[in-house]
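Trainee: Could you help me learn to read a structure like this one? I would like to go feature by feature.

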Amino acid sequence: MSKNNSLDSQNNNSKSKTESSQNSNRWHLGCTSLQRMGKNLLEIRWIRRTWHVWERTPPFLKIVFSKDGLLSFKGRTLIRGKFRRAFLSLFPSVAHKLQKHYGISGECQHCSTSCKILFQCPHWDDASSRCGVYEDRPNICRTFPITPQDIKDRNLVSPDKPCGFIFKKKSK
Ligand code: SF4
């Protein structure tokens with residue numbers, strides 16, 4: 001009788017081991033398929049770009065609710081600027097019309113200041129002085145600066161290094 005019990009218990013143990021290994025295999029397969037699906041989705045350009053914008057959200061929120069964000073005058077100005085540019089850059093043709101209206105000229109000097117307004121963008125790499133997602137950078141980066149106020153915002157961050165862009169007209 002006791003031998004039978006011991007055999008039963010051995011059988012149960014090996015059954016539960018097999019089940020747990022099957023579960024772990026299923027879990028592993030599930031994770032792998034999710035990873036593959038994520039990778040495939042990131043092959044789609046607009047999803048990749050949207051994802052790069054989302055990646056900037058945690059450092060943005062962190063600074064917004066810090067003493068350098070909503071609690072300071074400079075912070076509030078820069079936050080307003082971020083929202084203004086984020087909204088305008090949703091309509092690139094409007095952004096380009098505004099640039100033209102204010103008489104934009106010059107070119108980017110790659111000083112990296114626009115990547116450090118309010119917070120340092122997680123895609124910016126100081127060591128190589130490069131944007132890690134340059135080909136897929138968001139519109140807000142592609143259209144910078146849109147109005148003279150954007151240069152003013154930028155100069156709050158880096159007053160000593162002039163921007164390569166200038167506007168003929170001043171904003172009100
Ligand atoms: S251009 Fe600058 S701000 Fe834009 S994604 Fe690249 S590093 Fe970030």
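Predicted model: local features only at pLDDT ≥ 70, side-chain atom pairs only at ≥ 80, totals over all residues.

Trainee: How many residues does helix H4 have, and what span is expected?

Mentor: Helices (H or I, at least four residues) and strands (E, at least two) are DSSP runs, numbered from the N terminus. The expected span of a helix is 1.5 Å times one less than its number of residues. H4 covers residues 73-88, 16 residues, and reaches 23 Å from its first C-alpha to its last, close to the 22 Å expected.

Trainee: Which residues of H4 are buried?

Mentor: A residue is buried if 20 or more other C-beta atoms lie within 10 Å of its own, exposed if 12 or fewer, and partly exposed in between, with C-beta atoms placed from the backbone. In H4, the buried ones are Leu78, Gly81 and Arg85. Seen down the axis of H4, its buried residues fall within an arc of 55 degrees (taken from the directions from the helix axis to the C-beta atoms), so they line one face of the helix. The face turned away from that buried side carries the exposed residues Phe73, Arg80, Phe83 and Phe87.

Trainee: What do the buried residues of H4 pack against?

Mentor: Two residues are in contact if their C-beta atoms, placed from the backbone, lie within 7 Å. The buried residues of H4 pack against helix H6 (139-142) and helix H7 (148-157). From the loop between E1 and E2, Ile117 is in contact with Leu78, Asp153, Arg154 and Val157, leaving aside its neighbours within four places in sequence. Ile117 is buried, with 20 other C-beta atoms within 10 Å.

Trainee: Which residues make up the largest nonpolar core?

Mentor: In soluble globular proteins, nonpolar side chains tend to be buried together. A nonpolar core is a set of buried Ala, Val, Leu, Ile, Met, Phe, Trp, Tyr and Cys residues joined through C-beta atoms within 7 Å. Here the largest one has six residues: Ala95, Leu98, Tyr102, Ile146, Ile151 and Phe167. Beyond its neighbours within four places in sequence, Ala95 is in contact with Leu88, Ser89, Thr143 and Ile146.

Trainee: Where is Pro92, and how far apart in space are Pro92 and Thr143?

Mentor: Pro92 is in helix H5 (residues 92-101). Pro92 and Thr143 are 51 residues apart in sequence and 7.2 Å apart in space, C-alpha to C-alpha. With 13 C-beta neighbours inside 10 Å, Pro92 counts as partly exposed.

Trainee: What should I look at in the backbone of the loops?

Mentor: Look at the angles. A cis peptide bond joins Phe144 and Pro145, with omega about -10 degrees, and Pro145 is in the loop between H6 and H7. Ser129 has a positive phi, near 55 degrees, in a residue other than glycine; Ser129 is exposed, with 11 C-beta neighbours inside 10 Å.

Trainee: Which residues surround the ligand?

Mentor: A residue is near a molecule if its C-beta atom, placed from the backbone, lies within 6 Å of it. Around the ligand are Cys115, Cys121, His123, Trp124, Cys131, Val133, Arg137 and Cys141. By class, this shell has six nonpolar, one polar and one charged residues. Ala, Val, Leu, Ile, Met, Phe, Trp, Tyr, Cys and Pro count as nonpolar, Asp, Glu, Lys and Arg as charged, and the others, Gly among them, as polar.

Methods:
Residues numbered from 1 in each chain as written.
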